[in-house]
2 protein chains.
Amino acid sequence: MQHTVSFTHEEKQSSVSVPTGTMLSDAAHLAGVEIGQPCGGQGRCGRCAVLVTDGNVRRRSTLRLSPADVEQGYALACQTVVEGDVLINVPPQEKIERRLTTDRVVAEVTIPADYDFDQHQSIHRVYLELTPPTMEDQTDDWARLQTALRTQANIPEVTCSLHFLQTLGKTLRDGEWQVTLVVDRDMEFPEKPVRLIEVFPGRVDDYSPLWGCAIDIGTTTVSLWLVDLVSGHVRAQVAEYNGQIARGEDVISRIIYSGKAGGEQEMRQLVLDTINELVETACKRVNAKPEDVMKATISGNSTMMHLLLGIPAGSIRLSPFITAVNHPPVMLAKEVGINIHHGGAVDCLPGVASYVGADITAGVLSSGLEHAEHVSLFIDVGTNGEMVLGNRDWLVTCACSAGPAFEGAGVVNGMRATQGAIEEVWINGETFEPTYRVIGGGKPKGICGSGLISLLAEAFLTGVIDKAGNVNLMAGNSRVREGAHGGEYVLAWGAESESGEDIVLTRVDIDNLLRAKAAIYAGFSILADTVGVPLEMADRVLVGGSFGKYINVEKAVQIGLLPDMEWSRFEFLGNTSVKGAYAALLDWRMRDRITEIAKRMTYIELSADNSFYDAFTSALFLPHTDMNKFPSVAAALER
Amino acid sequence: MQHTVSFTHEEKQSSVSVPTGTMLSDAAHLAGVEIGQPCGGQGRCGRCAVLVTDGNVRRRSTLRLSPADVEQGYALACQTVVEGDVLINVPPQEKIERRLTTDRVVAEVTIPADYDFDQHQSIHRVYLELTPPTMEDQTDDWARLQTALRTQANIPEVTCSLHFLQTLGKTLRDGEWQVTLVVDRDMEFPEKPVRLIEVFPGRVDDYSPLWGCAIDIGTTTVSLWLVDLVSGHVRAQVAEYNGQIARGEDVISRIIYSGKAGGEQEMRQLVLDTINELVETACKRVNAKPEDVMKATISGNSTMMHLLLGIPAGSIRLSPFITAVNHPPVMLAKEVGINIHHGGAVDCLPGVASYVGADITAGVLSSGLEHAEHVSLFIDVGTNGEMVLGNRDWLVTCACSAGPAFEGAGVVNGMRATQGAIEEVWINGETFEPTYRVIGGGKPKGICGSGLISLLAEAFLTGVIDKAGNVNLMAGNSRVREGAHGGEYVLAWGAESESGEDIVLTRVDIDNLLRAKAAIYAGFSILADTVGVPLEMADRVLVGGSFGKYINVEKAVQIGLLPDMEWSRFEFLGNTSVKGAYAALLDWRMRDRITEIAKRMTYIELSADNSFYDAFTSALFLPHTDMNKFPSVAAALER
C-alpha cells in the first residue's frame, strides 16, 4: 500500500509516495530532503530526529529520544517506518561549512632533493617525427606509430586504450606527422609494455607542466595536492569535507550505511563527488583542466579505500576483520570514476589490515620512521588511533578504536575544529574560572578536540575533576554542578555563548574522553610490550594527522594521551598521508618503499590480545594508574 | 530562425522544429522518421526521395531526380535544406526483411580434430579451495586468492578488473572459501599475467559449457557463432542484416556517412545493436545469458572494424588509403560495447590494408590457402572483390572495387538474395524466351546477384547481347526493345511479376555488371602477372563469401567473372570469415597464424598499378578480349 510522506524543511515542501514499511530516511532521500545520519543510520546518535506532525509511523527504536521528545512527536528518521500518510517537519540540519579555510590547508612542501623527473617519474612525454604515408608505404597509423616508438624512443612494446586509437589518426594528421605522446611506463620493470595515455599534435615543450595529483581520503577531510610532475612542485593544495560525512561520521557508521540497499553506490558517489570537485578547484587555480591530470596517487584508511572503489566493506567491521583488498592493483581513472584524464592511472596505496590502511603506510614513509636508526613511535590520531613502533629494522603496528570523542562527537558540546570552536582552555585553580580561545574569535559554539584535551588537562590539574574523572561537586563553586547526566563543569555561560545556552563538560563526556585516550595509550603499551622496548625509550614521537597539528603536547601528556617524554622529542608532521602519497606520485622508488613498508609491518590485532583490556583499564585514569609512567605530571601535581 | 518540419510517413504524423539550413534527412532523424540512405547521404542513389507537399526547401542536388520528379515536388532528403515551415510526405521505404532465413545461415562445422581445450584455449576454469581467515590469519581476500592461485594452480601473477574486486569478497563467503574462477591466459607467453574474468562460488563442473562467440561483421550481414569453448561445438549460428545498411549500402557510403556530425557514433551504435541482438538470440537458443559469454573473436573488413570501434575511417577512402589500425589490440567487451561478459576479451582479427581486412586473413586461414602446396587463388566477392594468390611460401593480395552490382544495387531491377528474387535464368536461343527460378517461389520481385550472372551468361550465349554488351535490337523479338536507357531485355512481363511491371535488364545495368566483373578479373590478372604465374596454373580456386555459395560456376566463367578452368578445381567455402574467426576463437595457434598471414601477405595497391587499367579494359568484354583465356566459353559459343 502506498502512502504520501510530506516533508517541510527550511520552509520548503516536498512529498513522495512510498509503500508501507518504508524507512523515513529513505523516503526523505527519495524526496530530495537531506537528513544527516552521522551514525550511518544505526539509531545511535539521535541526530536524525524529525517531528511527525500528522499521521502514523512506527518507531523501531527511540533509544536516543526522551519520553518527552516522543510525546512531542519526535522520531528518528533512520529508525521509523511509514504506516500511513504522514506530515514530517525536518528541523534545521547541522551545517558543515562548505569550504575548509585555506590557512588550515596549506602545508610547506619540500621537493625531494634528489628528484629526477627522467629517472624517477613514470609519466613521460615522448616526441616523435613520423614519415607520412604514401601509395608506396600504406602502413596503418598504429603500426607507423609503433615503428617510430621503437626506432626513435627505444620503446619496443606498448598498450593503449580504444580512445587512444580513436583519436590517433586525426592527431597524426593535425600535427603533420609530428606528435607528442604522454606515456606511463614501469620504471622498475622497464621491459614491461609502455602504456600510451594521450597523443598531442606537434611538439609540446619539455618543461611545460605534466599534472598529477596526490589525494588523501580522510574519514572527515579529503585533501588533494596538484603536482607538476616535471618539476615536482606542488602547485595547489585543496581540501574539503568528505561528502560521506552526512552518512556516518566514523568508519563503522559508514560501513553500516554502505551495507544498506544502494548504500555502497551512494557512498562511492559521495566521495567521488568530493574528489572530482577538488580536482576541478585545484586545476582552476593553475589554469589547467581535469583531463590534463595524468595520474592520481591515493592514500586513505582501508574503509575509505573500499568505499571509493565500491568494494563491499562489511567484512572490515565483523570478526575476524578482513579487508577485501590491501594492495589494490593500479586502475584507470575511467574505471574508478575520478575525473582526471580517463586514461590516467589511479594508484591506490597499499594498507596492512582493516584498521591500518594506506594512510599509515604512507605516513610511515613520509615521517621517516621506516629508516630511523633508533626506535621511534609514529601515531595518527583521528577517529581511530593508529600507531607504529619501530625503526629501519622492524615495524609493529596496531589500531585502537578511540571513537570520535576527540573529533567532538559523543560529547554534549563537542564540535569539529571550525569557526566558533573553543580550541584551548586555561582554568584558574582557585576560582575554577576559565579562559579560552575560540577559532576565528567571536562567541563560542562548542569545544573541538584540542579544546577538549586542554579542558580535561586543566580540570584535572586544578582539581575540578579527580583522577577518575569525577567532578568535584564538593568545591562549592558555581562552575561545578549536578546536571542531567551527573556532575558537570560550565566552561561558558549562556550569556557568552553563540546559542545562549551554557557550554558544559559532563561526566558522560569525561568518560567518553577517558575511554578514547585510554584506548590510544593502551595501544602504545601493547606495542612496546610486544617488542619488549619501554615506551620511554622511543627516540622520537612522530605525530601525523591534522589533529596532531593543533594539540598542546603538554596537555595531551597531562591527560595521559601521549607518553610522558621531553617535548623536543615530539614532532608534529601534519597530513603525513597526503605527503606520502605525494612522494609516491613523484618517485617510483618511494612507491616501492610504501609496498615494502606494508609488507614489513607486523600487525597486532588488539581484540585478539588478552593484555589489551588490562592496559586499557589501567589507562582509564588521569593520567594513568601507574604514575611512574608520567613523572612530569606527578611533578606538576605536586606544584 | 526555427521552422517546423512535419512528416507524414506510413499514415503517421510527426514534426520537429529545426533552424534554417537543416538537412531534411537530419530533420527526419530528429523526428524519428526512418529514411534509408543507401549511398550514405551523397545524393547518388536517389533512394531517399521524399515529396515536399508544402513550404520552401532548397535542393542542393537533383542529380537522381528527373525534371518531372522535381516538378511534382520530389526532393532528395540528403541533399535538401529547410528554408521555412514544410510538409513532407515520406514514401514507403524499402523494407529489409527482419530476419535472415535460417536455412541460408547454418553452415556445417567440423571441430578441428586436434582441438585440445587445455592446450589450445585461452579461457579456462580454475577451482580453488582457500583457507578461511581467522583472527590469527587476517590476510585480505585478494592476497588470499593470489596465494591459492600460486600454490594450487601454479599461477604466479594475475590482473583483474575493479568489478572482480567488488564481487570477490561476497563470492568467497557464499562459496565457503571454495570458488571457481574463469581466467584468460596467454597460451603463447605463459609467463604473462593471467587475467581473472569472473569468480563463481563453489565448484563448477569441468564439462559444463564455457561460451565464446565468433563474429563476422559483413557490410551486408553480421554472422555470429556461439561456441562451447570446452568441447569446441558451435551451438548456435545466427545472422542478421548489418544495422548500418540504412546509412549506406557499401563501405564508401558508410565512411562518408560516418564523417558527418554524430555519424561515427551512430554507425558504431547501429552495428553494436545488431551484434548485441545476435548475442542475445544465440544465447537464448542454448539457455545461456549474454554475460556467460567470456570471449568474442571478430572478423570483418577494415571499414567495418573501424566503424565498430568508433575509429574514424575517413583516411581509408582517400589517397593514399590508410587505415588507422590493422592489428587492433585485444580489448575488453565493456570498452568495445559488446554485451557479453563485460570483462570478456574482444579480439579483433588483423587486416592487411584499407581494402584487405580481417575477413580476408581469416578467410585465407580457413580456406587452407596459407598451407597449400600448390599455387591457389582465394577470392571473396561482395561489394568489393578481394583476392589472394599464393601457397604456403608466399601470398599476394589485392582488392578491387567491384561496386554493388552483384548485390543487386545499381541495377534497375536488382535486389538482394531474398524472397522473390530471380536467382537462376535460362534463355531459349531460338525464341529468347526465358525460364527462371525465384527464391521462395511465387511471383518475382527482381533479380539477385546469382540471377544477374546467370542472366548475363545466358543472354550472351544465346545472342540476346553481343560480347560488348549491346542488346540485339535487330532480332525482331518482343523480348528485346529500346528502353529509356538504351536497349533492354524483358525477363518477366508485368503480368507475371509481383509489382505488375516488367522486370528488365537494361544497357546501363549490363555496363554496371561488366565493370564489376572486369574489375574482379583484372585483379586476378594483376596478381598473376605480379608473381609471373599464369592464372590457369592455379591448382584450386577457393571461393569465400555467401555470394560464392549460390553462383553457378559455369555461368560465372562464361561472363568472365571467374577464370576458365575445370569446375572440380573450384571450391565454395561459404563464410570463410566467420570460420576463420571460429578457428581463432578456439585455438591460440590459429589466432597466431592469422597474424602471420596478415604479415606475410604482400598487398598490391591497384590504383597505384599502371597495368590495372589495361587489364580492366580488356576484361570489359564477354567473357574477355583475349578468348584464349576462356577456351571452354569459346567452345560453347561454337556449339
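Where in chain A does A:P623 lie? A:P623 lies in the loop between helix 18, residues 610-618, and helix 19, residues 631-638, of chain A. I start there because most residues other than glycine have a negative phi, and most peptide bonds are trans. The bond that joins A:L622 and A:P623 is cis, with omega about -15 degrees. Please keep in mind throughout that this is a predicted model.

A cis peptide bond also joins A:S319 and A:P320, with omega about 5 degrees. A:P320 is in the loop between helix 9 and strand 16 of chain A. That loop, between helix 9 (314-317) and strand 16 (331-332), also holds A:L318. With 10 other C-beta atoms within 10 Å, A:L318 is exposed. From A:L318 to A:Q178 the C-alpha distance is 57 Å, and the two are 140 residues apart in sequence.

Next, the backbone angles. A:W177 has a phi near 70 degrees, positive in a residue other than glycine. A:W177 sits in the loop between helix 5 (162-174) and strand 10 (178-184) of chain A, and counts as partly exposed, with 18 C-beta neighbours inside 10 Å. In chain B, the phi of B:E10 is near 50 degrees, again a positive value in a residue other than glycine. B:E10 is in the loop between strand 1 (2-9) and strand 2 (12-19) of chain B. B:E10 counts as exposed, having 10 C-beta neighbours inside 10 Å.

Now the overall layout. Chain A is divided into domain 1 (2-90), domain 2 (117-201), domain 3 (213-348), domain 4 (367-401 + 514-638) and domain 5 (405-508). The centres of domain 1 and domain 4 of chain A, taken over C-alpha atoms, are separated by 42 Å.

On to the interface. How many residues does each chain give to the contact? Chain A gives 38 residues and chain B gives 38 residues. On the side of chain B, the elements that give two or more residues are helix 4 (141-153), strand 9 (158-160), helix 5 (162-174) and helix 10 (333-336). Helix 5 of chain B gives the most, with six residues. By class, this side has 22 nonpolar, eleven polar and five charged residues.

Helix 4 and helix 5 of chain B also pack on each other. Their axes are 10 Å apart at an angle of about 75 degrees, so helix 4 and helix 5 of chain B are roughly perpendicular to each other. B:D141, B:W142 and B:L145 of helix 4 meet B:L165, B:L168, B:G169 and B:L172 of helix 5. These residues divide into five nonpolar, one polar and one charged.

A second pair is helix 6 (residues 251-258) and helix 7 (residues 263-285) of chain B, at about 130 degrees and with axes 7 Å apart. Helix 6 and helix 7 of chain B are therefore oblique to each other. The contact is made by B:R254, B:Y257 and B:S258 of helix 6 and B:G263, B:E264 and B:M267 of helix 7.

Beyond four places in sequence, the contacts of B:L491 include B:I422, B:Y436 and B:L505.

B:A519, in helix 13 (residues 507-531) of chain B, counts as buried, with 23 C-beta neighbours inside 10 Å. Its C-alpha atom is 5.7 Å from that of B:A402, 117 residues apart along the chain.

Terms used:
Residues are numbered from 1 along each chain as its sequence is written. Chains are lettered from A and ligands numbered from 1 in the order in which they are written. This is a predicted model: local features need pLDDT of at least 70, side-chain atom pairs count only at pLDDT 80 or more; totals for chains, interfaces and linings use all residues. Domain bounds come from an automatic or database domain assignment. Two residues are in contact if their C-beta atoms, placed from the backbone, lie within 7 Å. Axes are lines fitted to C-alpha atoms, for helices over the stretch in contact, and angles run from 0 to 180 degrees between N-to-C directions. Helices (H or I, at least four residues) and strands (E, at least two) are DSSP runs, numbered from the N terminus. Angles under 35 degrees count as roughly parallel, over 145 as roughly antiparallel, 65 to 115 as roughly perpendicular and the rest as oblique. Ala, Val, Leu, Ile, Met, Phe, Trp, Tyr, Cys and Pro count as nonpolar, Asp, Glu, Lys and Arg as charged, and the others, Gly among them, as polar. A residue is buried if 20 or more other C-beta atoms lie within 10 Å of its own, exposed if 12 or fewer, and partly exposed in between; C-beta atoms are placed from the backbone.
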